[in-house]
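Thanks for coming, everyone. Please look at the sequence and the structure on the screen while I talk.

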Amino acid sequence: MRNLFLTLVLALAGFVATPALAKDPPIYVTRHYDTPAGERDPDLLAQGNTRAKALTKWFKGKKLKAIYVSDFKRTRQTVTPLAAERGITPQAYDPRDTPAIVAKARAANAPVLIVGHSNTVPDIVQQLGGERPADLQHEDFGDVWTVRSGTATRDRIDP
């Protein structure tokens, strides 16, 4: 009887403790890095390339399973150093379909990075459960939001 009771208590403790300890994996969201204003599909400026290399340093020690980019040069170039270092092939998504990229990121059930644009990042962060950031202006480059378990924190990538 004592063994049955002990087994039951341990089983319940594991059942109760596991969900309490479990946390959603982080989903990282950033806007492509520095570009000239007014061009449809520009390359990154020198400062943007430098910031992209700094992103690799920022990710040091962090796990990352996938990288999602819109199909523009600036988003692909933003993650080129990080993707090369990690051996990850960036996957393209449609930036006009925020619910789809949010669903895909959540379905990965692992840390992922989404690279968006000034007009998509605030909505992505919000739909992931974080507080919606203020609208981004052209010169707003370098912020990374980490969204996890309904909370978003913001870091800055400086070149």
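The largest pocket has a volume of about 290 Å³. Which residues sit closest to its centre? They are His32, Arg74, His117, Ser118 and Asn119, out of 19 residues that line this pocket.

One reminder before I go on. This model is predicted.

Next, the salt bridges. The structure holds twelve of them.

Number one joins the side chains of Arg51 and Asp158. The N to O distance is 3.9 Å. Find both ends on the screen. Arg51 is in helix H2, which covers residues 46-58. Asp158 is in the segment after strand S6, and S6 covers 151-156.

Number two joins the side chains of Arg154 and Asp143. Here the distance is 3.7 Å, N to O. Arg154 belongs to strand S6, and Asp143 to strand S5, residues 143-148. They are eleven residues apart, and this pair too links distant parts of the chain. Now compare the two ends. Arg154 has a relative accessible area of 57%, so it counts as exposed. Asp143 has 12%, so it counts as buried.

Asp143 lies in strand S5 and Arg156 in strand S6, so the bridge ties together parts that are 13 residues apart in sequence. Arg156 is partly exposed, at 42% relative accessibility.

Now put the pieces together.

On to the backbone. Most residues other than glycine have a negative phi, and most peptide bonds are trans. I have two residues with a positive phi to show you.

Take Asn109. Its phi is about 50°, positive, although Asn109 is not a glycine. You'll find Asn109 in the loop between helix H4, 98-108, and strand S4, 112-116. Asn109 counts as exposed, because its relative accessibility is 59%.

Now Ser149. Its phi is near 50°, again a positive value in a residue other than glycine. Ser149 lies in the loop between S5 and S6. At 38% relative accessibility, Ser149 counts as partly exposed.

Last stop: Thr146. This residue is found in strand S5. Is Thr146 buried or exposed? Thr146 counts as buried, because its relative accessibility is 15%. What is Thr146 in contact with, leaving aside its neighbours within four places in sequence? The list runs Pro26, Ile27, Tyr28, Trp58, Thr151, Ala152, Thr153 and Asp155.

Start at Asp143 in strand S5. Then look for Ser149 in the loop between S5 and S6.

Definitions and conventions
Residues are numbered from 1 along each chain as its sequence is written. This is a predicted model: local features need pLDDT of at least 70, side-chain atom pairs count only at pLDDT 80 or more; totals for chains, interfaces and linings use all residues. Side-chain values use heavy atoms; hydrogens and water are left out. On a 1 Å grid over the protein atoms alone, a cavity is a set of points where a 1.4 Å probe fits but cannot get out, and a pocket is an open set with protein on both sides within 12 Å along at least five of seven lines; lining residues have an atom within 4 Å of a point. Grid points are joined across faces, edges and corners, and a volume is the space filled by probe spheres set on the points. A salt bridge is a side-chain nitrogen of Lys or Arg within 4 Å of a carboxyl oxygen of Asp or Glu. Helices (H or I, at least four residues) and strands (E, at least two) are DSSP runs, numbered from the N terminus. Buried means under 20% relative accessible area, exposed over 50%, partly exposed in between (1.4 Å probe, protein chains only). Contact means heavy atoms within 4.5 Å.
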